[in-house]
Amino acid sequence: MTRKRIAWIAAFLAGGLLVAALTAVLVLRSAWFYGKVRQRLVSVVETATGGRVEIGSFQFDWRKLRAEVKGFTLHGTEPPDRPPLLRAASAAAGLKIVSLLKRDVDIRDLEVIDPRIYLIIYPDGGTNIPKPRLHKHSETTTVEDILDMKIGRFHLQNGIFEVEARIKTPFEARGQNLNARLQYDPAGPRYRGDISIQPLDFAWPGLATTPFGVALAVTAERNRIELNALRLTTGDSVIQASGTLENLRAPHGTFSYQVRVPVLDLDRVIETKLLDRGTIQV
């Protein structure tokens, strides 16, 4: 092959790459792509939850691949005169495109401002959490994956969790390396979830904010939550638990647990001086 022909081939390939790059930029900046991202966001949430999504304003920065929603609302099965299952003042996510062809997108970072969770527990043990939208072939027998999500880091700011007429608790959480997989079994019906966060900082009234690792496997169905496995780690402390919670309106349950906590770790969590040294095992 002559040098001239090689030069022509190289120029052709370079031109092709340039055209592809310019095309990608034009697509990312187009109203079509903007609309697709917005539509995809609503579709994914509604399919996974079975609820109805409302969004206020929507912005997408194609340079940073960052989407931001103002006024996010997820309606469950609650009556129209009750607050929605979830609402947030804003939610922003930085995206990482793994594969355009496979529509494979990871979330680099997620920030949610003022999340409000409103849970209703009805007399029969049902809740206002809707059923996910399943494919027709899996409505009766097939266990279906409804969520498989990875988030590099996240921050939930100024949150409130409320169970109607019972508790209303503020919370705040931030974490890294969140991996969550959720399945739905219509035969139960029941949800099965596996969650891992390494680490999680969770602020709850009466407890100091302490980063800890979380590995959780849980099954939830009407009026019953089964904790298949829970492992919490921080420093040299390890807590492992499993058990079942029955009757969500008058909760009671049976749990088994193993705890190994150095006294200094416990002092940091409950902000009380117990001993200078030692380990507590339960």
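Predicted model: local features only at pLDDT ≥ 70, side-chain atom pairs only at ≥ 80, totals over all residues.

Residues are numbered from 1 along each chain as its sequence is written, and side-chain values use heavy atoms, with hydrogens and water left out.

Side chains of opposite charge can pair when their charged atoms come close. A salt bridge here is a side-chain nitrogen of Lys or Arg within 4 Å of a carboxyl oxygen of Asp or Glu. The structure has 13 of them.

**Stop one.** Select R82 and D81. Their side chains form a salt bridge, 3.9 Å from N to O. D81 is exposed at 63% relative accessibility, while R82 is partly exposed at 32%. (Buried is under 20% relative accessible area, exposed over 50%, partly exposed in between; 1.4 Å probe, protein chains only.)

**Stop two.** Select R222 and D124. This salt bridge spans 2.9 Å, N to O. R222 sits in the loop between β10 (212-221) and β11 (224-234), and D124 in the loop between β6 (116-119) and β7 (144-163), so the pair ties together parts 98 residues apart in sequence. Strands are DSSP runs (E, at least two residues), numbered from the N terminus.

**Stop three.** Select D145 and R181. Their closest N and O atoms are 3.1 Å apart in a salt bridge. D145 lies in strand β7 and R181 in strand β8 (residues 167-185), so this pair links parts 36 residues apart in sequence.

**Last stop.** Select D185, R190, R192, E221, R224, E226 and E246. Salt bridges link these residues in a network.

Notes. Helix = DSSP H or I, 4+ residues; strand = E, 2+ residues; numbered from the N terminus.
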